[in-house]
Each structure stands twice: as C-alpha cells, then as structure tokens.
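Me: Please take a close look at one part of the structure shown here, and set it in its surroundings.

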Amino acid sequence: MIAMSPAEPDGNAADTAKDARSLKRRAGSWDVVRTVLSGFFGVRRRAQHESVKLAPAQIIVAGLVAAALFVASLVLLVSLILSRVGPGA
C-alpha cells in the first residue's frame, strides 16, 4: 500500500501545485512596491512571494522607478550638503 502525505490527499502532487498557483491573487500596486523595496534590502519572505501573482513587467517598471528615486534622492542630498558647506571648502 502506498502512503499519501497530508498535503496530497488524492496522491497527485502536480494537481496540488496547480491548485496552489490558481489560488494566487493578482498583485496590486502596493504588493509590487513592497516586493521591490524589500528586494532592495534583501528581506523578502517566501510567504509574501507565494501569496501573489507578480508579472515581470510590474517588477521591472517598479524597480526602475525605485532606482531613479533613490539616485535622485542621493543627488539631492549631496547637493544640499555641498550648498551648506559653501564654496571652496
């Protein structure tokens, strides 16, 4: 007799994985932003990754926007610091 695991009541792992993929909800804007920002820091959880369906285009666009905002904030910060120090310092 073949023993079945509790996660596979019918004994078919492919059907179980297919059902799990179909239960994923489509990612909203906040999900994409949270995914990209946590990716910048490298702290994304597996449960967060598996709970939503992310399209590659969503991640690419959000990543480019986040990177541009990061670079712009660094440029602004450096120019602000240099303007306070004064010329010739």
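How many helices and strands are there in the protein? And at what angle do helix α2 and helix α4 pack?

Reply: This is a predicted model, in which local features need pLDDT of at least 70 and side-chain atom pairs count only at pLDDT 80 or more, while totals for chains, interfaces and linings use all residues. Residues are numbered from 1 along each chain as its sequence is written, and side-chain values use heavy atoms, with hydrogens and water left out.

The protein has 4 helices and 2 strands, taken as DSSP runs numbered from the N terminus (helices H or I, at least four residues; strands E, at least two). Along the sequence they follow the pattern α-β-α-α-β-α.

Helix α2 covers residues 29-41 and helix α4 residues 56-85; they pack at an angle of about 60°, their axes 9 Å apart. Axes are lines fitted to C-alpha atoms, for helices over the stretch in contact, and angles between N-to-C directions run from 0 to 180 degrees. The two helices are therefore oblique to each other, since angles under 35 degrees count as roughly parallel, over 145 as roughly antiparallel, 65 to 115 as roughly perpendicular and the rest as oblique. The crossing of α2 and α4 is right-handed, meaning that the near helix is turned clockwise from the far one by less than a right angle.

From α2, the residues V32, V36 and F40 meet Q58, I59, A62, G63, A66 and A67 of α4, contact meaning heavy atoms within 4.5 Å. The residues of this contact divide into 7 nonpolar, 2 polar and no charged; Ala, Val, Leu, Ile, Met, Phe, Trp, Tyr, Cys and Pro count as nonpolar, Asp, Glu, Lys and Arg as charged, and the others, Gly among them, as polar.
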